[in-house]
Amino acid sequence: MSLITTTSRVLSRLVAYFCVGLIYLILGLLVTQVLMRYFLGAPPSWTEELAIILFAWLVLLYATVGLYEGFHVAIESIPARFERLHRWADRWVAALTILFGWITLTSGIAYVDRTVGQKTAALQIPIEVLYLCVPVSGALFILHGVSRLIGPAEPAPEEATS
């Protein structure tokens, strides 16, 4: 197993565990907001803003896990008996994933650069904290795409026999 494939696998697992932690943190923030609204009549505005920032990170990071684990939406348009065509299509999708990751990475870096100095409304933290999730996910897309491109081709799915 190559270094890139191993790194892709390890980072995917770490990101998945990190995303589970984000889910619990978001849930805690929203429960806090609801309880404070119900009991005190004045929910803090920062809990909602932080939940939105964490949700953006959660969605983009877990999309990279979906790419690695292959649970993203896919349309099987090539019959399973065309094994060589399947392998070619998998490589093509990996190459397109790398291109998408590159565009996401470079565009994200440019956007973060344009927003330097701005602050969020309630927390008054740099807005880059929110927008950095785009180039980070782009870099992970590239890593997982390269791993799929150089890694062994997955066997064609077996036909169900019932």
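Modeller: Start with Arg13 and Tyr17: the charged end of Arg13 sits over the ring of Tyr17, 5.8 Å from its centre.

Colleague: What makes the charged end of Arg13 count as sitting over the ring of Tyr17?

Modeller: The rule asks for NZ of Lys or CZ of Arg within 6 Å of the ring centre and within 35 degrees of the ring normal. The distance here is 5.8 Å. That is within 6 Å, so the distance test is passed.

Colleague: What kind of model is this, and how are its residues and atoms treated?

Modeller: It is a predicted model, where local features need pLDDT of at least 70 and side-chain atom pairs count only at pLDDT 80 or more, while totals for chains, interfaces and linings use all residues. Residues are numbered from 1 along each chain as its sequence is written, and side-chain values use heavy atoms, with hydrogens and water left out.

Colleague: Which partner does Arg13 meet in a salt bridge?

Modeller: Glu69, at 2.0 Å from N to O. The pair links distant parts of the chain, 56 residues apart: Arg13 is in helix H1 and Glu69 in helix H2. Helices are DSSP runs (H or I, at least four residues), numbered from the N terminus.

Colleague: How do you know whether Arg13 is buried, exposed or partly exposed?

Modeller: Buried means under 20% relative accessible area, exposed over 50%, and partly exposed in between (1.4 Å probe, protein chains only). Arg13 has 33%, so it is partly exposed. Glu69 is partly exposed too, at 37%.

Colleague: Is Gln33 buried or exposed?

Modeller: Gln33 is in helix H1. Its relative accessibility is 8%, so Gln33 counts as buried. Leaving aside neighbours within four places in sequence, Gln33 is in contact (heavy atoms within 4.5 Å) with Pro43, Pro44, Thr47 and Glu48.

Colleague: Why is Thr5 called buried?

Modeller: Thr5 has 15% relative accessibility, so it counts as buried. Thr5 lies in helix H1. Apart from neighbours within four places in sequence, its contacts are Ser147 and Ile150.

Colleague: What makes a set of residues a nonpolar core?

Modeller: The members are buried Ala, Val, Leu, Ile, Met, Phe, Trp, Tyr and Cys residues, joined through side-chain atoms within 4.5 Å. The largest such core has 17 residues, and Val15, Trp57 and Leu61 touch the most other members. Helix H1 (3-40), helix H2 (45-69) and helix H5 (133-150) each supply at least two residues of this core. H2 gives the most, with seven.

Colleague: How many aromatic pairs are there by this rule?

Modeller: Rings of Phe, Tyr and Trp (its six-membered ring) pair if their centres lie within 6.5 Å; planes under 30 degrees apart count as stacked, over 60 as edge-to-face and the rest as tilted. The count comes to five. In one of them, Trp88 and Trp92 have ring centres 6.1 Å apart and planes at 5 degrees, so the pair is stacked. Both lie in helix H3, four residues apart. Trp88 is exposed at 54%, while Trp92 is partly exposed at 48%.

Colleague: Why is the aromatic pair of Tyr111 and Tyr131 called edge-to-face?

Modeller: The centres are 4.7 Å apart and the planes are at 75 degrees. Tyr111 lies in helix H3 and Tyr131 in helix H4, so the pair ties together parts that are 20 residues apart in sequence.

Colleague: How do you know how the reach of helix H3 compares with the span expected?

Modeller: The expected span is 1.5 Å times one less than the number of residues. H3 (residues 83-114) has 32 residues and reaches 46 Å from its first C-alpha to its last, close to the 46 Å expected.

Conventions
A salt bridge is a side-chain nitrogen of Lys or Arg within 4 Å of a carboxyl oxygen of Asp or Glu.
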